[in-house]
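Trainee: Could we go through this structure together, step by step? I am new to this and would like to see how each conclusion is reached.

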Amino acid sequence: MGTQQLDNQQLNIDYKVDHFFEEKIAYYKDQPSGECAQYIPELKNVNPNYLACALLLPDGKIHLHGDYEIPFTLQSISKVISFIAACMYKGPSYVLDWVDVEPTGDPFNSILRFELKDKQKPFNPMINAGALTVASLLPGTTPTEKIQGVVHLLSSLIDKNVTINKKVFESEWETAYRNRALANFLKEHNLLASSVEDTLFTYINLCSVEINVEDLAKIGLILSLDGFDPVRQIQIIPAPIVRLTKILMFTCGMYNSSGKFAAFIGLPAKSGVSGGILGAVPPSLRHHPLLSDGCGLGIYGPAIDENGNSIKGTRLLEDFIQVYDIKIF
Ligand code: DON
């Protein structure tokens, strides 16, 4: 096939993907949206109609659609970065001495398991209990040092500085009754390596880091390629840590929808209550030609379901998977 033909084929594929997302986003924008997270006051007031997506390919080409310029906070997506940071600094086996790798089937902020069995390790680092433990394990003695370690890793992944949305932080800090209770349970069982208040301060600040869908797609692409950034040609995270993280995203990343998500979307993904979804599509010859080298996905739709996952974002992803067949199995 000549170069011109290849270029035309590529343009055709690009056009189809752009057309696909434009059409779907326009369709979902007109549908009733549902509600944004209600328990964090600052998230309640976000426009529930926002919908955006970013798809980043290993050659650096990015497809951006919908409200892609709107920033939002990482919320639970920070759990992925914190877990990676803790594993990079402390080693995965040290971290897994403190937190398990089992899905729960319970809500993300459930307290239930602590009352059922004495001194039970948090089930996994993607639920709040596990993420609080991981936050306490981060390197550094003060919360500021712990936060900086994760922010530094995140900045190196997306190649830009990030800021913490102080309004969102304050809003969650003042109303973090359940996370405070969880942290107290953890402390009682010697499952926190720092004080309750320091751990909460670290965790909530990390949930309040601001990003956009393009940033999520960059992270997703690096995860899909086992820690390698194909655009800058550097290995940022050791591959075994990324593989472990992707398994946890696949089995636990969407909370008590993780099983359904694995079955019907079939990708390592992580959601946050602000409506973001981070997705990693590993390379596979079985995929649509556009995506056979893998890609990163960032989705944003702030109205969430009862499990804390973006309603329209999940639907958009489902439609994408149907057409482009990018499930990992
Ligand atoms: O700890 C919390 O409740 C929030 N900062 C984060 C929870 C979250 O994003 C759950 N995700 N879907």
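Mentor: Gladly! Helices (H or I, at least four residues) and strands (E, at least two) are DSSP runs, numbered from the N terminus. This is a predicted model, where local features need pLDDT of at least 70 and side-chain atom pairs count only at pLDDT 80 or more, while totals for chains, interfaces and linings use all residues. Residues are numbered from 1 along each chain as its sequence is written, and side-chain values use heavy atoms, with hydrogens and water left out.

Trainee: Which strand holds Gly298, and is Gly298 buried or exposed?

Mentor: Gly298 belongs to strand β9. Buried means under 20% relative accessible area, exposed over 50%, and partly exposed in between (1.4 Å probe, protein chains only). Gly298 has 0% relative accessibility, so Gly298 counts as buried.

Trainee: Which residues does Gly298 touch, not counting residues up to four places away in sequence?

Mentor: Contact means heavy atoms within 4.5 Å. With residues up to four places away in sequence left out, Gly298 touches Ala52, Cys53, Ala54, Val213, Leu216, Ala217 and Ile277.

Trainee: How are the rings of Phe72 and Tyr300 arranged?

Mentor: A pair of aromatic rings is described by the distance of the centres and the angle of the planes. Rings of Phe, Tyr and Trp (its six-membered ring) pair if their centres lie within 6.5 Å; planes under 30 degrees apart count as stacked, over 60 as edge-to-face and the rest as tilted. A search of the whole structure finds 15 aromatic pairs. For Phe20 and Phe320 the centres are 5.7 Å apart and the planes at 50°, so that pair is tilted, and both Phe20 and Phe320 are buried. For Phe72 and Tyr300 the centres are 4.2 Å apart and the planes at 5°, so this pair is stacked.

Trainee: How many residues apart in sequence are the parts that Phe72 and Tyr300 tie together?

Mentor: Phe72 is in strand β3 (residues 72–73) and Tyr300 in strand β9 (residues 295–300). Phe72 has 4% relative accessibility and therefore counts as buried; Tyr300, at 3%, also counts as buried.

Trainee: How do α3 and α7 lie relative to each other?

Mentor: Axes are lines fitted to C-alpha atoms, for helices over the stretch in contact, and angles run from 0 to 180 degrees between N-to-C directions. Angles under 35 degrees count as roughly parallel, over 145 as roughly antiparallel, 65 to 115 as roughly perpendicular and the rest as oblique. Helix α3 (residues 78–90) and helix α7 (residues 143–158) pack at about 105°, with their axes 9 Å apart. The two helices, α3 and α7, are therefore roughly perpendicular.

Trainee: What is the phi of Asp159, and why does Asp159 count as exposed?

Mentor: Most residues other than glycine have a negative phi. Asp159 is found in the loop between α7 and α8 (166–174), and has a positive phi of about 60° although it is not a glycine. Its relative accessibility is 51%, so Asp159 counts as exposed.

Trainee: Where is Asp226, and what does Asp226 count as at 21% relative accessibility?

Mentor: Asp226 also has a positive phi, of about 55°, although it is not a glycine. Its place is in the loop between α11 (213–224) and β5 (228–229). With 21% relative accessibility, Asp226 therefore counts as partly exposed.
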